[in-house]
Amino acid sequence: MVQRQRDIQPPVTLQMLKNHLHMFTDDFDQQLEINLRAAVAKSENYINGVIWHGVQIVSVPFVNTVEISEPTAVINQVKVDGQQVDFIFVNGILSVQGSGKVLEYTLEAGYVQEDCPSDIQMAILLIAAKFFNNPVDNVEQLPTASQHLLHPYKRYNV
């Protein structure tokens with residue numbers, strides 16, 4: 001089971017998108033917010049990773065090691081059967097000593113706006129602009145420029 005809570009502020013702000021679109025009124029703010037959220041989701045789906053910073057609480061049947069492939073991940077807390085335990089998190093491997101029935105860990109991942117790489121921000125802006133400018137268009141393909149900007153962050157499942 002995974003509980004996820006994202007930060008209120010996405011890695012690209014509404015004002016950044018409005019500047020990108022050369023928009024100076026508040027008439028379309030609600031639609032632009034939806035476009036931003038969809039653009040971040042589409043980008044995360046493309047790279048198979050987390051962009052919008054947030055916290056996840058993950059509960060799984062107990063194991064001593066868990067591979068966490070998210071490169072921005074930080075593990076804040078680990079519990080076994082509800083009791084906080086010591087852990088080691090190195091090179092994407094979470095290790096816990098002992099045994100139990102349920103392993104629960106709190107994982108923080110993604111980028112806050114100030115730390116989000118510019119190429120990811122630009123890709124999100126391009127996607128959100130495409131959603132706004134072509135609201136009935138089929139968005140099976142990301143804009144080519146967005147794909148090129150996001151490609152260095154793309155992870156492939158092996």
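**Helix α2**

I began with helix α2, residues 29–47, whose 19 residues reach 27 Å from the first C-alpha to the last, close to the 27 Å expected at 1.5 Å a residue. The expected span is 1.5 Å times one less than the number of residues in the helix. The model is predicted, so I note from its record that local features need pLDDT of at least 70 and side-chain atom pairs count only at pLDDT 80 or more, while totals for chains, interfaces and linings use all residues. Residues are numbered from 1 along each chain as its sequence is written, and side-chain values use heavy atoms, with hydrogens and water left out. Helices (H or I, at least four residues) and strands (E, at least two) are DSSP runs, numbered from the N terminus.

After α2 comes Asn48, with a positive phi near 60°.

**Helix α4**

I looked next at Gln147, which lies in helix α4, residues 144–150. Leaving aside neighbours within four places in sequence, I found Gln147 in contact with Tyr46, Gln141 and Leu142. Ile47 is 100 residues from Gln147 in sequence, and their C-alpha atoms are 9.2 Å apart in space.

Ser146 also belongs to α4. Its relative accessible area is 0%, so I record Ser146 as buried. With neighbours within four places in sequence set aside, Ser146 is in contact with Ala123, Leu126 and Ile127.

**Sheet β3-β7-β6**

I traced an open sheet of three strands in the order β3-β7-β6, with antiparallel pairing. β3 and β6 stand at the edges with a single partner strand each, so one side of each has no neighbour in the sheet. Neighbouring strands of this sheet are turned by 15° against each other on average, direction ignored. Axes for such angles are lines fitted to C-alpha atoms, for helices over the stretch in contact, and angles run from 0 to 180 degrees between N-to-C directions. Two strands pair if DSSP finds at least two bridges between them.

I counted three bridges between β3 (residues 65–67) and β7, where Val66 stands opposite Leu94. Four bridges join β6 (residues 87–90) to β7, and there Val90 stands opposite Ile93. β6 and β7 form a hairpin with two residues between them, and Asn91 in the turn has a positive phi of about 50°.

I checked the two faces of β7, residues 93–96: Leu94 and Val96 are on the covered face, Ile93 and Ser95 on the uncovered one. In a regular strand the side chains alternate between the two faces of the sheet.

Thr106 counts as buried because its relative accessibility is 13%. Not counting residues up to four places away in sequence, Thr106 touches Val55, Gln56, Ile57, Val74, Ile75, Asn76 and Gln77.

Notes
Buried < 20%, exposed > 50% of the residue type's maximum accessible area, 1.4 Å probe, protein only. Contact = heavy atoms within 4.5 Å.
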